[in-house]
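Please keep the sequence and the model in view while reading.

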Amino acid sequence: MTDLLLSQIKLGAESQFGTDEYVVNLGPQHPATHGVLRLIVKLDGETVKETTPVLGYLHRSIEKICENRTYPQCITYTDRVDYVSAMSVNLAFALATERLMGLEAPPRAQWLRMIMVELQRLASHLLWMGAFAGDIGALTPFLYGLRERERIIDLFEMTCGQRLTYNYIRIGGVMIDVLPEFVPKCRAFLDYFEPKIAEYEELLTYNPIFLERTKGVGIISPEVGINAGVCGPSLRGSGVPCDVRKQQPYLYYDQVKFNECLETAGDCWSRYRVRMREIRESVSILRQCLDRLEPGPFETKLPPVLKAPPASEIYSRIESSRGEMGVYLVGDGTIKPWKCKFRCASFNNTYVLDQLTRGWKIADIMAVLGSLDMIVPEVDR
Amino acid sequence: MGSLLSYFKNIIFGFWNLLVGLSVTTKYFLSMKTNTQQYPEEKLPLPVRSRSMIKLIYDGEKDQFNCVACMMCAKACPNSCIKLEGVRGADGKRRVTTFKLDFSTCIFCGYCVEACGFDALTFVAEEYENSVYKRGSLLQDEQAMKWVRPAHLAPKPEEEVKAEAASTAKAGV
Amino acid sequence: MTNEEMKTKIESDFKDWILSAAVSPQKEVIITAKPATYLSLCRDLRDKNEYSFQHLSCLTAVDYPKENKMTVVCHLWSYKKCAQLTLKVDVDRANPRIPTVENVWKSANWFEREVFDLYGIIFEGHSDLRRIMMPEDYTKFPLRKDFTDDGFIVKPN
Amino acid sequence: MVHLIANLLQQALGAVGLSGFAFIINPIVSAVVMFGGISVFVMFLVWMERKVSAHMQSRIGPNRVGVFGLLQTVADALKLTTKEDIKPVHRDKIPYYIAPIIAFVATFAGMIVIPFDKGVSVQNLNIGILYVISITSFTVIAILSAGWSSNNKFALLGGFRSAAQIVSYEVPLVMSLVPVIMTAGTLNLNNVVEYQQKAGYWFVVPQFIAFLIFITSATAEANRAPFDIPEAESELIGGFHTEYSGVKFAMFFLGEYIAIIVSSAVAVTVFLGGWLPLPFLGSLPIPGFAWFVAKLLFVIYLIMAFRWTFPRLRVDQLMDFGWKVLIPISILNILITGFCILFFGKGV
């Protein structure tokens with residue numbers, strides 16, 4: 001009887017009931033895709049066979065828009081390239097334009113830029129930490145992260161009047177000098193913030209469930225990572241020293257002391273560790289910057305009309321919160337860039353998602369996606 | 001035996017770290033500290049630099065707008081959302097006649113306010129409740145944007161500003 | 001290795017493969033490759049120990065309708081040497097075809113898809129050349145300078 | 001209390017000469033009273049969960065409807081009942097409608113053997129523990145059929161996960177109770193408490209490991225975080241109840257909370273001495289019912305704290321944890337308890 005049943009089942013499997021891939025659409029509306037990323041996931045039971053990211057749901061053609069705007073006007077759009085870390089993109093574009101036109105911002109502006117960008121890195125990493133923990137299922141760190149991020153954003157609002165899209169770092173300097181109470185407030189924030197980092201680590205770092213979920217999951221080997229263009233903290237988790245701040249110093253990063261945070265395992269947990277350590281490093285950079293901030297002008301005198309030299313081009317890179325942020329500008333002697341390309345870290349980091357998740361479980365997609373710190377506006381632009 | 005030992009060690013280590021995590025949340029639960037602002041009842045004071053709403057400054061004494069329709073704001077705007085016209089008045093100075101700002105495309109970058117050389121446009125921090133029910137009502141004209149500057153916000157004379165800058169420079173911030 | 005040194009070194013190493021090499025006023029080494037040897041040049045730049053440009057930082061294209069060409073621009077970075085290199089290759093605007101560098105740098109996969117999507121440059125041998133940003137049934141190439149569409153407004157003033 | 005009312009009712013029935021119908025009337029009355037009481041308690045628990053999570057996250061939580069937002073859940077329930085009932089077109093009709101009912105009834109039925117105070121329970125079954133465990137595991141049928149019938153890929157995955165999870169966590173759940181049953185020598189929940197009273201200690205002291213295992217597997221049985229993989233929000237959106245809305249969703253929701261109450265109540269009865277007062281506080285004039293509720297709230301707080309502190313396990317890790325950690329340890333625990341009974345004549 002049993003044999004008969006078994007044979008029938010076998011026969012059935014061959015003849016009528018062929019097995020098929022279980023295709024699931026994660027997104028574009030999904031609680032864990034950080035925006036409108038769509039993943040077409042082919043599953044075998046719970047196991048992922050293939051992940052295909054589908055981009056473009058947030059494509060706003062910022063590069064085309066920038067070709068039709070003057071250089072200063074473009075900066076307002078760079079805010080929207082990566083709205084979680086708008087200062088970094090502001091800086092990337094401003095530095096590229098300055099290098100294209102041979103301008104130099106005064107020292108106070110440079111220090112202010114560094115303070116702002118590092119504060120932004122803190123804010124971005126805090127949001128990332130919360131979102132990553134949320135993807136894995138812990139909801140409380142998200143609120144803790146936002147609570148501290150709120151204070152950073154208050155500092156930004158005090159300085160430039162906006163909370164998300166700042167338009168603060170301008171060509172040849174910054175928009176406006178910080179208020180006199182900014183420096184003490186910033187120091188007070190750092191004093192308040194430092195013990196909080198330990199709290200996040202207590203909640204997550206050695207939590208056994210967190211370790212289970214992240215250790216050994218989504219391993220990027222250094223070779224694959226470099227070849228696939230992974231950058232920033234995600235690649236540093238694999239032990240590749242790729243910090244643009246160290247490799248190609250801009251602003252005054254060669255004058256401050258900080259360590260490049262490296263981990264070797266290349267899994268989600270390493271990437272988490274790299275970012276948590278970067279938060280500490282950023283705090284130390286911020287303290288040094290605040291110490292060295294000296295009075296002076298906050299912007300250079302710009303020509304009344306900003307024109308790029310004809311047939312000039314520049315590719316300028318900075319280390320944004322998510323990794324390498326490059327801006328490619330081609331000038332044609334007019335007030336508008338002939339070509340403007342944003343090279344965004346998330347774009348390349350999302351590309352490796354397929355390789356990282358094959359053979360893992362569906363829940364690991366969320367862990368890996370979270371650990372790569374991708375932001376959809378940056379991917380789609 | 002070693003693996004058995006590490007099995008129990010792992011369990012105890014994991015259990016301990018779970019307790020550490022629980023202690024953090026329990027600490028916050030018991031402290032009952034909250035960071036919430038109950039918005040309509042509690043309103044936070046906004047920083048003076050807040051880019052909340054763009055207003056057209058109206059000079060109550062002279063009974064006219066400060067704007068002279070020089071078009072600098074319209075040129076600076078990345079989205080071309082400012083449309084304005086002006087005529088030459090009886091005193092020989094240009095005055096604005098129509099000023100239209102389409103807030104549905106405005107991104108509050110602040111370039112118009114910065115470009116204005118006549119102290120005619122300004123951000124008003126307090127007016128941040130700007131949502132409307134119809135898209136059309138976001139297209140505001142000079143009457144809707146009219147704003148008389150209160151006395152305490154009047155711009156300081158130039159000497160005072162310079163003295164202040166010098167004093168902050170001395171303080172070293 | 002300074003920029004000038006690298007420029008002369010590249011000029012001597014690959015003199016048959018490149019059209020020009022220069023250091024721009026913005027202090028970047030810019031070389032223009034011949035389309036026929038573009039792929040082997042990329043491979044050598046990645047593999048040769050004195051270059052080891054293992055990181056394709058950015059790949060994009062620029063449209064020059066006046067010269068009737070489009071230029072594919074690769075920005076390479078060497079983690080070992082801390083050096084940056086701009087590699088250009090011109091393609092015909094009417095029939096834009098160029099071999100893919102996907103097999104040299106994996107990251108080129110999406111970069112080239114994006115360039116195909118927005119400029120219409122066909123990368124021969126690409127494993128998955130589909131539109132990436134625009135809808136799949138879209139027929140135009142938005143970043144070309146002669147692009148027009150119904151909803152497209154060029155900013156006034 | 002239930003008995004009091006039932007007795008009153010019986011007398012009333014006897015007065016009008018209908019005492020023969022008492023066997024029908026009694027259960028109905030108990031059910032109505034239980035349902036009312038439990039519903040109110042669930043509403044309180046939802047409010048409590050929101051407040052607990054809010055304060056853990058330095059928020060305020062609901063504070064608009066009623067005093068301290070106590071009526072927020074009432075408002076939410078009202079909203080749920082008035083919502084449009086959205087049904088997937090190609091659903092499997094019968095399981096789709098039955099699933100929320102089973103989910104609710106199966107957990108609710110577990111309540112009837114819980115002794116809230118000395119001798120106060122709807123039915124004093126002599127196989128109480130066995131009954132609770134077996135009736136609450138019916139929820140797996142509900143979740144599986146909900147996942148299957150809603151014709152949604154995420155729901156189906158959630159249903160499968162739930163089947164695997166509940167089946168494997170049933171084992172440590174039972175096994176953690178076995179040492180207690182061995183020591184007390186009874187399956188009757190009332191008698192277990194009475195044993196603890198007689199022995200002078202609660203079972204949590206000698207059987208602390210069993211208590212931990214019980215709480216863990218009870219959390220898993222109730223599909224609560226960190227074991228909420230059937231409805232894992234960040235992966236499966238809502239899991240098995242993705243396609244349920246309105247009252248049907250409310251029933252699932254109610255079922256989940258009742259499951260928490262039932263398992264916490266069993267934990268309180270078996271490990272924390274049920275209605276017994278705290279040590280050294282026995283002389284206080286506090287009724288046993290209050291002690292019971294206080295302990296219940298403590299256990300429920302623990303389960304809530306788990307949810308708002310820990311990340312979620314992956315499905316295979318969940319199985320690993322159940323089979324490789326909980327079950328071996330509970331077997332070891334049973335063995336040790338057995339030896340102790342054998343050699344010392346009583347439990348550890």
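## The open sheet of chain C

In chain C, five strands make an open sheet of mixed pairing, ordered β1-β2-β5-β4-β3. At its edges are β1 (18–23) and β3 (55–64) of chain C, each of which pairs on one side only. Neighbouring strands of the sheet are turned against each other by 20 degrees on average, direction ignored. Strands here are DSSP runs of E with at least two residues, helices are runs of H or I with at least four residues, and both are numbered from the N terminus. Two strands pair if DSSP finds at least two bridges between them.

This is a predicted model: local features need pLDDT of at least 70 and side-chain atom pairs count only at pLDDT 80 or more, while totals for chains, interfaces and linings use all residues. Residues are numbered from 1 along each chain as its sequence is written, and chains are lettered from A and ligands numbered from 1 in the order in which they are written.

## Pairing and helices around the sheet

Strands of a sheet pair through backbone hydrogen bonds, either parallel or antiparallel. Strand β2 (residues 29–33) of chain C pairs with β5 (residues 83–92) of chain C in the parallel sense, over four bridges. Within this pair, C:Ile31 has C:Leu87 of β5(C) as its bridge partner.

Helix α1 (residues 3–13) of chain C lies across β1, β2 and β5 of chain C and runs at about 170 degrees to β1(C). Helix α3 (residues 108–119) of chain C lies across β3 and β4 (69–78) of chain C, at about 10 degrees to β3(C). For these angles, axes are lines fitted to C-alpha atoms, for helices over the stretch in contact, and angles run from 0 to 180 degrees between N-to-C directions. Two residues are in contact if their C-beta atoms, placed from the backbone, lie within 7 Å.

## Chain C as a whole

Chain C contains three helices and seven strands, and their pattern along the sequence is α-β-β-α-β-β-β-β-α-β. The radius of gyration of chain C is 17 Å, close to the 15 Å that the globule rule gives for 157 residues, so chain C is as compact as a globular protein of that length. This radius is taken over C-alpha atoms, and the globule rule is 2.2 Å times the number of residues to the power 0.38.

Of the 157 residues in chain C, 41% are buried. A residue is buried if 20 or more other C-beta atoms, placed from the backbone, lie within 10 Å of its own.

## A hairpin in chain A

Strands β2 (residues 38–44) and β3 (residues 47–54) of chain A pair in the antiparallel sense over seven bridges. A:Leu39 has A:Pro53 in β3(A) as its bridge partner. The two strands form a hairpin with two residues between them, and A:Gly45 in the turn has a positive phi of about 70 degrees.

## A covered helix in chain D

Helix α9 (residues 208–221) of chain D is mostly covered, with 10 of its 14 residues buried. Its buried residues pack against α5 (128–136), α7 (153–184), α11 (246–271), α12 (288–309) and α13 (315–344) of chain D. Just after α9(D), D:Asn223 takes a positive phi of about 55 degrees.

Why does D:Ile213 count as buried? D:Ile213 has 22 C-beta neighbours inside 10 Å and therefore counts as buried. Leaving aside neighbours within four places in sequence, D:Ile213 is in contact with D:Pro172, D:Ser176, D:Leu326, D:Ile329 and D:Ser330.

Methods:
A residue is buried if 20 or more other C-beta atoms lie within 10 Å of its own, exposed if 12 or fewer, and partly exposed in between; C-beta atoms are placed from the backbone.
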